[in-house]
Amino acid sequence: MGNFGQLMDGFAVALTLHHVMIMVIGVLLGLIVGVLPGLGAPNGVSLLLPLTFTMDPISAIILLTSMYWGALFGGSTTSILFNIPGEPSSVATTFDGHPMAKQGEAVRALTLAFGSAGFGAMVGVIVITLLSSWVANFALRFGSPEYFAVYFMAFASFIGMAGGSPFKTLVCIMLGLAVGTVGMDTISGEGRLTFGITQLTNGISFLIVVIGLFGIGELLLTIDEGYKFDGVKAKLSLPVILRTLAELPRYWVTLLRSALVGCWMGITPGGPTAASFMSYALGRRFSKRGKYFGKGEPEGIVAPETADHSAGSCALLPMLALGVPGSATAAVMMGGLMIWGLSPGPMLFTSRPDFVWGLIASMYMGNVIAVVLVLATVPIFAWILRAPFTVVGPLIAIVCLIGAYTVSNHMFDVWVALAFGVAGYVFKKLDYPLAPFVLAVVLGDKAEDAFRQSMLSSGGSLAVFFENPLVASMMGIGILLLSLPLLSALFNGLFRRGAGAGQTSSS
Amino acid sequence: MEISRKTMEAATAVVTGGVGALICYGSTENGIGWGAGGPEPGYFPFGIGCLILLGSLATLVQTFWKYAGARHPGPGAVAEEPFIDGTRLRLLVAFALPIMAMTAISVWLGLYIGMGLYIFYTMRVSAGFRTLSSLATALLVIAINFVVFEKLFMVPLLKGPILEYFGIY
């Protein structure tokens, strides 16, 4: 168990007073971001990222991941108390969380949610601890064709498993890749897709894209949906919290099943939102009390929360070990790593073990801190949320615009962010998926480089992607995933003629 | 004024298709063929542009296909649904326009003055506070941002000519 020793070294890095303070600050910022609608985890991390450029990378990543945990937890508070999900991934928590809170058991609902979320996150972190260096070692053998195959698989899985229209997913991925190619070409040094606009020569930062799509877009959506808080009052009492925590082990089947679903969806780029919905659906299907789901059933809270958080943490595993992020927030963090001069992927484990294991150790700590802080701050946030949105909205708008400016100190970026904001609003309302868009912006350059390097080494023959069993099977899985919508359409056409026309999306 | 979802779906698909075409056109300036050392710089973007065009066209076809049934009611038909109604649209525009105005003012007079005017406007007009408390909120927001960005994180924001005239850089 070489990992164990390294993890202990990691704890030595993470457990300094300085880093624990950073975790507390990060979790608190994350809670604010998670609680406020219009500010989500990807957007919050993007806004904070430019401020970390001067910090050392370990402190910076601990700050950002702590914020991520805080945001994941904070989203559930509003779901339960106000029936308004603070994060897309906590939508499923509203189904049973809010009814339970309305029945006067708000504290029990909150404790169930945070307790199971903490459990899910812990499972996720343990999976990362056990698997990451193994995956990284495996990936050390990868050449550029293998890397291209991994990226191909990631994008294909979005198209194949998204649930919505595969064409819309395709358009989103390709638009993201296109945004990634704007600016100087890394291989030839030519400016691409700049159309003579000098400000575009340096490219469009993924941070601008995220602030626009997720920040401003979400804000417009909130206005559109007619935002009104009609909340349940929660008075914290320690006995209720303790009693509920003691009740939690009774749902061990649901906990384990949901954690598994979450880990799987997090490692494959399904993301926390899909994981929580899937886990909720599985819970309703397999639980003995499934027919009571939706009326304030404890397992209806435990299932989505556990999956949400285990997926959220597992999404960091492929980012660290392969350089392929499993969620939009992980994509932003990966962009951050590259800005700090670290290249995510297998080499990171050998070149900066202190960074990797410090980060992993901080995940254990950060989640414990998050569970405690989120419970302690429930009354404060419930109070903040009573402020009218006509006051909160403009403040969020300012934060987004300043965030866009601080990326590279150009007002041009602010206009670009506003444009992406409008696009994000329209896309979200029309069920275009936004996570693949961000992933594509971050991965675009790397995917293209991998493709072109493979082409250079093979002399332009596509056969390089099928020359050894490893890369061939990855490409095969990718192609299979791509054809999944087609296959299911054929299947439906053959066996269920006429029924079920028109698809709906779940995110 | 109400905009139907069908109109919006179609318009969005046309716009994304247009972007795809634009990308195809832009990439031709870098060469889209295969050079001596593998693909030329425009090869990848050209393919991306084509795929966006393809996806947009398919979405467009899907939209008309889906809503074609609306006029002939039957099993599986989808009724016309609104994308946004008049009231909501007015709310949205009333929220978005001041943000645009703030950005335009900030380009000219700097971010601090831009955000101050914006907060004052929203507090006074949208939230309906009194003039004095709106002014106080605006100044408070400027002060907090100034301390956070200039002092704590040392990230200077755009000052503009007025602040520079008073010697604040």
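pLDDT is the predictor's confidence in each residue, from 0 to 100. Keep that in mind, as this is a predicted model, where local features need pLDDT of at least 70, side-chain atom pairs count only at pLDDT 80 or more, and totals for chains, interfaces and linings use all residues. Residues are numbered from 1 along each chain as its sequence is written, while chains are lettered from A and ligands numbered from 1 in the order in which they are written.

**Colour by confidence.** The model scores ipTM 0.90 and pTM 0.81. Chain A averages a pLDDT of 82, with 94% of its residues at 70 or above; chain B averages 84, with 91% scoring at least 70. Now select residues 498-507 of chain A: pLDDT stays under 50 there, and the model has 17 contacts beyond four places in sequence for this stretch. A contact here is two residues whose C-beta atoms, placed from the backbone, lie within 7 Å. Where pLDDT is low, the predicted coordinates should not be read in detail. In chain B, strand 3 has the lowest mean (70) and helix 1 the highest (91).

**Select chain B.** Its domain assignment (bounds come from an automatic or database assignment) gives domain 1 (3-84) and domain 2 (86-165). Their C-alpha centres lie 37 Å apart.

**Show the interface.** On chain B, 54 residues are in contact with 48 residues of chain A. Helix 2 of chain B brings the largest share of its side, eleven residues. That side divides into 33 nonpolar, 18 polar and three charged residues, with Ala, Val, Leu, Ile, Met, Phe, Trp, Tyr, Cys and Pro counted as nonpolar, Asp, Glu, Lys and Arg as charged, and the others, Gly among them, as polar.

**Go to the core.** A nonpolar core is a set of buried Ala, Val, Leu, Ile, Met, Phe, Trp, Tyr and Cys residues joined through C-beta atoms within 7 Å. Buried means 20 or more other C-beta atoms within 10 Å of the residue's own, exposed 12 or fewer, and partly exposed in between, with C-beta atoms placed from the backbone. The largest core has 205 residues, and Leu64(A), Tyr151(A), Ile208(A), Val209(A) and Val438(A) have the most contacts inside it. Helix 5 (residues 91-139) of chain A gives the most, 21 residues. Both domains of chain B contribute residues, so this core lies between them. Centre on Val438(A): beyond four places in sequence, its contacts include Pro42(A), Phe206(A) and Ala331(A).

**Next, helix 4 of chain B.** Its 16 residues should span 22 Å at 1.5 Å a residue, and the end C-alpha atoms are 21 Å apart, which agrees; the expected span is 1.5 Å times one less than the number of residues. Among its buried residues are Leu111(B), Tyr118(B) and Met123(B). The buried residues pack against helix 18 (389-408) of chain A, together with helix 3, helix 5 and helix 6 (160-165) of chain B.

**Last stop: two loops of chain A.** Asn409(A) is not a glycine, yet has a positive phi of about 55 degrees. Look for Asn409(A) between helix 18 and helix 19 (411-429); with 12 C-beta neighbours inside 10 Å, Asn409(A) counts as exposed. Asp431(A), also not a glycine, has a positive phi of about 65 degrees. Asp431(A) sits in the loop between helix 19 and helix 20 (435-458), and its 18 C-beta neighbours inside 10 Å make Asp431(A) partly exposed.

Note on methods
Helices (H or I, at least four residues) and strands (E, at least two) are DSSP runs, numbered from the N terminus.
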